[in-house]
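The sequence and the structure are shown first.

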Amino acid sequence: MTSSPLRILLLGGTTEAMALARALEGDARFAPTYSVAGRTRAPHLPALPCRSGGFGGVAGLIAYLHVEALELIVDATHPFATGMSANAAAAARATGTPLLVLCRPPWTPQAGDRWHSVPSLEAAAAALGERPRRVFLTTGKTELAPFLTAPQHFYLIRSVEPPERLPPRSAFLAARGPFSYDDEAALLREHRIEVLVSKNSGGTATAAKLAAARDSGVAVVMVERPPRPPGGEVVPDVAAALERIAAHQASRRPTERGV
Ligand code: NAP
């Protein structure tokens with residue numbers, strides 16, 4: 001008995017999406033296409049068919065799903081990539097395509113943490129206050145605008161690629177996670193950091209900065225996640241996603257499985 005592979009659109013751009021893609025590589029039960037937004041000049045890509053760039057909103061995604069005869073959408077985008085996730089949910093609804101959402105749980109404060117939770121980057125910039133502080137900013141290259149309005153602070157800015165515009169008192173560090181505890185602690189010391197600004201991304205790749213901040217007495221301004229669009233089945237990790245993808249493949253009717 002033969003069966004055709006399950007055609008999957010894997011919306012990526014995260015550590016978990018890459019791990020999931022790698023787990024699907026070479027498995028004859030699945031035919032995944034890995035999709036990235038195309039913002040990074042040298043993105044990490046798996047050894048799978050890949051595509052880069054937006055679909056053209058919900059309508060474009062619906063058309064893509066039809067043309068490619070896709071049977072499952074896996075949204076493994078970043079928890080702050082709300083535009084793509086909303087489009088995926090809407091297109092899944094409109095086409096009846098099952099949607100699996102791989103969303104890592106958020107970080108939660110532990111004993112010894114000095115967290116100040118805020119709802120947005122603008123609120124994070126305001127929370128730094130008037131007095132000049134030394135700030136470690138890890139929010140990403142496209143999200144500096146609110147901090148340009150608070151130029152009294154010194155910012156150590158870390159992202160994969162350099163931002164277009166830096167605040168007047170700043171240093172830029174090009175780096176891609178994962179980051180180790182020792183390196184993060186050394187960075188905080190070296191730059192005499194007083195406050196860390198982070199989005200509540202969750203996951204392990206960039207969590208060491210929080211432990212280092214805790215142990216160094218560095219305050220954390222934590223930008224909490226926007227709400228997730230409704231729809232889809234949400235799983236917290238790659239293992240659970242693989243289980244559900246295999247279940248989708250196994251539950252197809254014989255004609256869908258090419259028997
Ligand atoms: P976004 O605001 O949700 O997406 C804006 C638009 O970019 C989407 O409407 C879509 O364009 C396109 N797009 C986004 N992700 C895509 C994907 N995986 N494949 C194809 N098109 C995609 O996203 P964002 O916050 O700018 O993030 C962009 C990418 O970077 C995401 O894939 C995300 O996983 C990754 N990332 C984001 C963050 C973050 O903090 N936001 C952090 C790490 C990684 P169309 O409407 O034209 O389809």
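Predicted model: local features only at pLDDT ≥ 70, side-chain atom pairs only at ≥ 80, totals over all residues.

Residues are numbered from 1 along each chain as its sequence is written, and side-chain values use heavy atoms, with hydrogens and water left out.

**The ligand site**

The shell around the ligand holds 22 residues, of which the closest are Ser-35, Arg-39, Phe-55, Met-84 and Lys-199; a residue counts as near if one of its heavy atoms lies within 4 Å. By class, six of these residues are nonpolar, 13 polar and three charged. In this scheme Ala, Val, Leu, Ile, Met, Phe, Trp, Tyr, Cys and Pro are nonpolar, Asp, Glu, Lys and Arg are charged, and the others, Gly among them, are polar.

Strand S2 (30–36) and helix H3 (82–95) each supply at least two residues of the shell, and H3 gives the largest share, four residues. Helices (H or I, at least four residues) and strands (E, at least two) are DSSP runs, numbered from the N terminus.

| Residue | Protein atom | Ligand atom | Distance |
|---|---|---|---|
| Gly-12 | polar backbone atom | oxygen | 2.9 Å |
| Val-36 | backbone N or O atom | nitrogen | 3.5 Å |
| Lys-199 | polar side-chain atom | oxygen | 2.4 Å |

On its own the ligand has 810 Å² of accessible area, and the protein covers 74% of that area. Accessible areas come from the Shrake-Rupley method with a 1.4 Å probe, and for residues only the protein chains shown count as cover.

**A buried aspartate**

Asp-75 belongs to strand S4 (residues 72–75). The side chains of Asp-75 and Thr-77 make a polar contact at 2.6 Å. Leaving aside residues up to four places away in sequence, Asp-75 touches Leu-11, Ser-85, Leu-99, Leu-100, Val-101, Leu-102 and Arg-228, where contact means heavy atoms within 4.5 Å.

**Aromatic pairs**

Rings of Phe, Tyr and Trp (its six-membered ring) pair if their centres lie within 6.5 Å; planes under 30 degrees apart are stacked, over 60 edge-to-face and the rest tilted. The count by this rule is two aromatic pairs. One of them joins Phe-147 and Tyr-155 edge-to-face, at 5.8 Å centre to centre and 70° between the planes. Phe-147 is buried at 0% relative accessible area, and Tyr-155 is likewise buried at 0%.

**Backbone features**

Most residues other than glycine have a negative phi, and most peptide bonds are trans. Gly-177 and Pro-178 are joined by a cis peptide bond, with omega about 5°. Pro-178 sits in the loop between strand S9 (170–174) and helix H6 (181–190).

Ala-69 has a positive phi, near 50°. Ala-69 lies in the loop between helix H2 (57–67) and S4 and is partly exposed, at 44% relative accessible area. Arg-192 also has a positive phi, about 50°. The loop that holds Arg-192 runs between H6 and strand S10 (195–199), and Arg-192 is exposed, with a relative accessible area of 57%.

Technical notes:
Polar contact = N/O pair within 3.5 Å; in protein donor to acceptor, adjacent residues only side chain to side chain. Buried < 20%, exposed > 50% of the residue type's maximum accessible area, 1.4 Å probe, protein only.
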